[in-house]
Amino acid sequence: MAKSGHAVSEPAASAFGRGAGRTIPGLMALLRERRRLLEPLRAPRDRFTPDVLDVAKDIEEERLWLAVWERRREIQDQIEEAVLLLLDGRYGRCVECRRAISPGRLRALPFAVRCLACQERFEEHLVTTRHDVAPGLGGMVRERGGTSW
């Protein structure tokens, strides 16, 4: 496993979990599918000028949906990495500093692969990377005070 602490399932994984080149097209395909499925619900409003509040609500719901989807993907990647560490006999040790992860942390987050100090450093780097790569996404993470895993 790479020392960088990225998901083990792909050696070239980025801060987005699966590689930016494949994540963005995947998200766009999901958004197109979501819009297609929601179109019948929006059809009656299309005859009129859309209400500004309705449009703002739709945009905010979409941003929230994307944030939830991304968080789910991150947790799934962490679980996969923890399972691989378990199979390799290295579960319970930080992938960064190699020290034991506290039992309380593992009880709270059984898929934790970093000790608390290393996780905090990782999250700071992640927020910086997201800000550089995707300003909108990095801003959303910072607004929420970073991630909470």
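Biologist: Which side chain does Arg114 meet in a salt bridge?

Modeller: The general idea is that side chains of opposite charge can pair when their charged atoms come close. In this predicted model, the partner of Arg114 is Glu96, with 3.5 Å from N to O. Arg114 sits in the loop between α3 (103-108) and α4 (116-133), while Glu96 belongs to the loop between α2 and α3, so the pair ties together parts that are 18 residues apart in sequence.

Biologist: Is Arg114 buried or exposed?

Modeller: Arg114 counts as buried, at 2% relative accessibility. Glu96, in contrast, is partly exposed, with a relative accessible area of 23%.

Biologist: How many salt bridges does the whole structure hold?

Modeller: A search finds five. One of them joins Glu74 and Arg71, at 3.8 Å from N to O. These two residues are three apart in helix α2, and are therefore separated by about one helical turn. Glu74 is buried, at 8% relative accessible area, and Arg71 is partly exposed, at 24%. Another salt bridge links Arg90 with Asp88, at 2.5 Å. Both of its members are partly exposed: Arg90 has 32% relative accessibility and Asp88 has 48%.

Biologist: How should the length of helix α2 be read?

Modeller: One compares an expected span with the distance between the ends. Helix α2 comprises residues 52-87, and its 36 residues should span 52 Å at 1.5 Å a residue; the end C-alpha atoms are 53 Å apart, which agrees. Just after α2, Gly89 takes a positive phi of about 80°. In the protein there are five helices and zero strands.

Biologist: Which residues of α2 are buried?

Modeller: The buried residues of α2 include Asp58, Glu62, Ala67, Glu74, Ala82 and Leu85. Ala82 and Leu85 are also members of the largest nonpolar core, which has 12 residues in all. Leaving aside residues up to four places away in sequence, Ala82 touches Tyr91, Pro110, Phe111 and Val113.

Biologist: The core also contains Cys94, Cys115 and Cys118. How many disulfides are found?

Modeller: A disulfide is a covalent bond between the sulfur atoms of two cysteines. The search of the whole structure finds zero. For Cys94, the nearest cysteine sulfur is that of Cys118, 3.6 Å away. The sulfur of Cys118 has its closest cysteine sulfur in Cys115, at 3.5 Å, which is too far for a bond, since the cut-off is 2.5 Å. Cys94 is buried, at 1% relative accessibility, and Cys118 is buried too, at 5%.

Terms used. Residues numbered from 1 in each chain as written. Predicted model: local features only at pLDDT ≥ 70, side-chain atom pairs only at ≥ 80, totals over all residues. Heavy atoms only, no water. Buried < 20%, exposed > 50% of the residue type's maximum accessible area, 1.4 Å probe, protein only. Core = buried A, V, L, I, M, F, W, Y, C linked by side-chain atoms within 4.5 Å. Contact = heavy atoms within 4.5 Å. Helix = DSSP H or I, 4+ residues; strand = E, 2+ residues; numbered from the N terminus. Expected span 1.5 Å × (residues − 1). Salt bridge = Lys/Arg side-chain N within 4 Å of Asp/Glu carboxyl O.
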